Number of protein chains: 2
Amino acid sequence: MSKIITTPMSGFMELLPAEQLAFNKMFDTIRHTYELFGFVPLDTPVLERAEVLLAKVGGETEKQIYQFKKGDTDLAMRFDLTVPLARYVAEHYGHLTFPFRRYAMGKVYRGERPQAGRFREFYQCDIDIIGDGELDIRYDAEIPSVIYMIFCTFGFERFTIRINNRKILNGLFASLGAADKSTPILQSLDRLEKIGAAAVEQELGSLGLSVQVIERIMAFTRISQSKGDVIEALRNLGITDAQFVKGVDELGAVLRLVKEFGVPAHNVAADLTIARGLDYYTGTVYETRLDDYPDIGSVCSGGRFDDLASHYIDRKLPGVGISIGLTRLFDQLTKRGVIKTGASTPTRVLVLAMMDDMAPSLALATELRKHGIATEVSFGAGKMKKRLGYADKLGIPYAVFIGEDEVAKGVFTLKNLQTGMQEELKRDELISRLS
Amino acid sequence: MSKIITTPMSGFMELLPAEQLAFNKMFDTIRHTYELFGFVPLDTPVLERAEVLLAKVGGETEKQIYQFKKGDTDLAMRFDLTVPLARYVAEHYGHLTFPFRRYAMGKVYRGERPQAGRFREFYQCDIDIIGDGELDIRYDAEIPSVIYMIFCTFGFERFTIRINNRKILNGLFASLGAADKSTPILQSLDRLEKIGAAAVEQELGSLGLSVQVIERIMAFTRISQSKGDVIEALRNLGITDAQFVKGVDELGAVLRLVKEFGVPAHNVAADLTIARGLDYYTGTVYETRLDDYPDIGSVCSGGRFDDLASHYIDRKLPGVGISIGLTRLFDQLTKRGVIKTGASTPTRVLVLAMMDDMAPSLALATELRKHGIATEVSFGAGKMKKRLGYADKLGIPYAVFIGEDEVAKGVFTLKNLQTGMQEELKRDELISRLS
């Protein structure tokens with residue numbers, strides 16, 4: 001019989017056990033941190049009515065969406081967790097308490113053309129704080145403290161949360177009489193690090209901007225690269241556009257408060273060039289880079305928006321949030337050898353009976369599990385060496401032997417499978433050793 | 001502007017925050033227990049090539065599958081976690097250690113016609129132990145001990161894990177010369193509890209079975225309802241069919257071993273009528289009923305199979321496993337008021353500054369989080385009563401007040417929001433009180 005291809009489709013991550021355990025550890029760190037900050041979990045359907053998911057999108061994104069008909073219903077698979085959040089808040093508005101702090105961690109789908117490092121199915125791990133009518137700027141400063149705790153727990157020290165404010169960019173372009181060209185200007189600035197200042201200047205020139213305007217834009221971009229006080233430098237530009245001034249005030253407040261939230265100065269930077277997409281965000285925007293792996297790009301991004309759900313409800317619902325693309329992050333860190341995988345099992349102890357009667361082994365396993373120690377009982381046949389081979393292959397750190405000698409003496413033989421050290425312990429000693 | 005319908009589609013569960021937290025608690029109990037028994041997590045794609053998922057199914061199940069084309073590829077959404085496991089084991093066979101113990105907890109999809117209590121998107125929580133060539137019968141006895149621990153942790157005492165062995169049924173029918181009618185006989189027996197013995201006898205008669213054969217089948221079904229030793233009663237039937245004898249031996253071994261695995265006798269019963277589907281299982285089969293809610297039906301089912309992945313690999317891979325349909329279980333328990341929801345947030349403490357300087361409040365929140373205490377800082381405006389209303393609505397149990405008095409005295413005012421009791425505590429006292 002010819003066999004069916006079992007390789008997962010391109011763009012769908014599938015991990016071996018040791019990798020999956022490492023992935024889950026990162027997943028749990030994010031989840032635990034989100035809960036420590038009081039975000040409540042939310043789990044919305046992966047499948048939605050197509051009209052719900054497509055209310056706001058168009059162009060390239062719409063082409064990527066997995067969309068199909070079942071019976072008479074047009075269905076689509078979610079491509080992010082923000083649109084479902086908007087629908088949820090609109091649907092359950094009367095049952096929610098605002099500011100509504102929710103986290104969501106689940107798979108989203110984009111049928112992109114296969115490309116190295118791009119996924120069609122991937123985890124997003126989002127938090128958002130949604131206000132009813134208004135939302136204090138201090139929430140914008142809280143978000144980086146969540147990012148900070150997560151990446152510290154991952155084990156990183158050298159990472160930078162870059163912060164900007166869209167009002168500054170919009171106000172700048174308005175003050176330069178170039179508001180109508182803000183989209184291509186931002187696209188050009190977004191590539192500043194990649195293509196360099198000279199190439200950006202050339203691109204700006206091709207948009208028909210004057211030499212003076214280009215010079216002012218480039219001077220603006222140089223502010224965040226200088227070591228001085230960014231807020232003071234922005235004020236010194238002398239721009240009086242109301243939006244610009246408001247943006248500078250907000251950015252100043254966020255940068256000041258972030259320190260009070262316990263984020264060290266070297267993990268935060270103002271970066272006046274980041275814009276995070278073009279339409280959605282209206283105030284603070286964030287990107288996070290790992291200093292030692294700049295080519296990974298941003299590993300945690302987000303920002304402030306004025307209006308979450310106007311397609312679904314007649315309420316002004318401003319919010320601020322971030323997203324970690326965990327599948328891509330895990331993939332990139334694995335490729336660079338940053339993630340070290342360990343055991344291929346959660347099991348800490350393998351119990352091996354050296355007698356026919358399994359009862360003492362099974363009773364011990366039950367007791368160890370009650371103490372939170374993941375335990376397996378070996379039912380394998382054959383020689384002890386072969387049975388220990390199973391523990392060795394999986395990376396189980398301890399074995400406990402129970403034979404007639406042990407039962408007679410009321411002890412257990414504990415073997416550390418890494419060091420080979422072996423000792424006889426009473427039940428309580430064994431449990432406290434393994435706890 | 002006319003607004004889009006935001007109600008989730010029928011058959012797609014969506015929960016409010018307090019319900020979601022209760023759901024996640026059950027999810028975490030299952031996950032934690034699976035890991036305590038040494039099962040490794042596995043996360044396979046929700047979308048697969050249609051030919052992979054459809055290799056074995058047909059009829060009604062195939063009609064339920066969400067299937068569609070993207071570009072040139074026929075895709076389908078998984079409808080269970082067993083077919084993806086089979087594909088995974090075939091694909092990664094060389095990298096796995098056997099017996100391979102894996103758990104999987106994720107959403108599966110069945111586009112059924114909407115029906116009360118039926119879901120189109122639902123969580124399955126599966127464990128399976130897969131052997132390479134062979135798998136000891138003792139693994140069949142281990143499975144009920146996992147079920148037992150989970151339902152105890154859920155808080156149930158009165159539940160029964162019913163166990164049968166397919167070989168007994170197949171051997172019985174063979175010995176009665178009715179092997180060719182085993183499918184309709186099993187379908188009839190499956191409804192014994194629902195329709196009663198008389199109706200089943202009538203159905204068996206309409207299959208053309210003789211009065212003697214029907215009487216032997218009915219005598220067989222009465223064995224597990226009697227209080228005596230089921231295994232002895234089965235042996236006393238005098239059936240010499242080799243499969244029957246093997247099945248009785250296996251069931252006897254499993255029932256005996258289950259006790260050694262620590263499952264109390266009153267949580268286990270032999271039930272000779274359960275068959276769990278018709279083709280897949282080949283030995284031990286399990287169902288689990290909540291004694292006080294018999295109409296929910298089985299809440300955890302599974303069994304032994306000879307051959308996991310023959311469609312994908314030329315290896316004999318026997319296994320044993322179970323599945324908990326968590327979405328349906330949660331729904332049924334909620335409707336019966338068994339699940340009590342609590343707070344609408346994971347937050348344990350709301351910190352309220354009674355002064356302009358937020359720094360002491362933010363510093364305390366950071367410290368509480370480092371001690372694993374979920375903490376929010378109130379940025380709300382308005383009177384203290386209004387700000388505490390937020391904690392009240394969400395069910396946050398504690399508030400900490402920090403004003404100039406507290407800072408001067410080096411203390412924090414902790415208020416238990418359930419009792420109203422208030423006390424001044426030093427930092428360390430506060431942390432140990434809340435830990």
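Mentor: This is a predicted model, and chain A has a mean pLDDT of 94, with 99% of its residues at 70 or more. For the complex, the predictor gives an ipTM of 0.96 and a pTM of 0.96.

Trainee: What makes up chain A, and into which domains is chain A divided?
Mentor: Chain A contains 17 helices and 16 strands. Its division is into domain 1, residues 17-335, and domain 2, residues 349-434. The centres of these two domains of chain A, taken over C-alpha atoms, are separated by 50 Å. Along the principal axes, the C-alpha atoms of chain A fill a box of roughly 90 × 60 × 50 Å.

Trainee: Why is A:Ala399 called buried?
Mentor: A residue counts as buried if 20 or more other C-beta atoms lie within 10 Å of its own. A:Ala399 has 21 other C-beta atoms within 10 Å, and is therefore buried. A:Ala399 is placed in strand β14 (residues 398-402) of chain A. Leaving aside neighbours within four places in sequence, its contacts are A:Leu350, A:Leu352, A:Leu388, A:Ala391, A:Lys415 and A:Leu417. From A:Pro99, 300 residues apart in sequence, A:Ala399 is 51 Å apart in space, C-alpha to C-alpha.

Trainee: How do you know whether B:Leu172 is buried or exposed?
Mentor: The criterion for burial is 20 or more other C-beta atoms within 10 Å. B:Leu172 has 24 within 10 Å, so B:Leu172 is buried. B:Leu172 lies in helix α6 (residues 166-175) of chain B. Not counting residues up to four places away in sequence, B:Leu172 touches B:Phe220, B:Ile239 and B:Phe244. In chain A, buried residues make up 44% of the 435 residues.

Trainee: Why are β2(A) and β4(A) said to pair?
Mentor: Pairing requires at least two bridges between two strands. Three bridges join β2(A) to β4(A) (residues 73-77), so these antiparallel strands pair. Within that pairing, A:Glu48 has A:Ala76 in β4(A) as its bridge partner.

Trainee: How many bridges join β15(A) to β16(A), and what lies in the turn of their hairpin?
Mentor: Four bridges join β15 (residues 412-416) to β16 (residues 422-425) of chain A, and the two strands run antiparallel. With at least two bridges as the requirement, these strands therefore pair. A:Thr413 stands opposite A:Glu424 in β16(A). The hairpin has five residues between its strands, and A:Gly420 in the turn has a positive phi of about 85°.

Trainee: How many residues of chain A are in contact with chain B, and which element gives the most?
Mentor: Contact is made by 66 residues of chain A with 66 residues of chain B. Helix α1 (residues 17-36) of chain A gives the most to the side of chain A that touches chain B, with six residues. By class, that side of chain A has 32 nonpolar, 17 polar and 17 charged residues.

How values were computed
Residues are numbered from 1 along each chain as its sequence is written. Chains are lettered from A and ligands numbered from 1 in the order in which they are written. This is a predicted model: local features need pLDDT of at least 70, side-chain atom pairs count only at pLDDT 80 or more; totals for chains, interfaces and linings use all residues. A residue is buried if 20 or more other C-beta atoms lie within 10 Å of its own, exposed if 12 or fewer, and partly exposed in between; C-beta atoms are placed from the backbone. Domain bounds come from an automatic or database domain assignment. Two residues are in contact if their C-beta atoms, placed from the backbone, lie within 7 Å. Ala, Val, Leu, Ile, Met, Phe, Trp, Tyr, Cys and Pro count as nonpolar, Asp, Glu, Lys and Arg as charged, and the others, Gly among them, as polar. pLDDT is the predictor's confidence in each residue, from 0 to 100.
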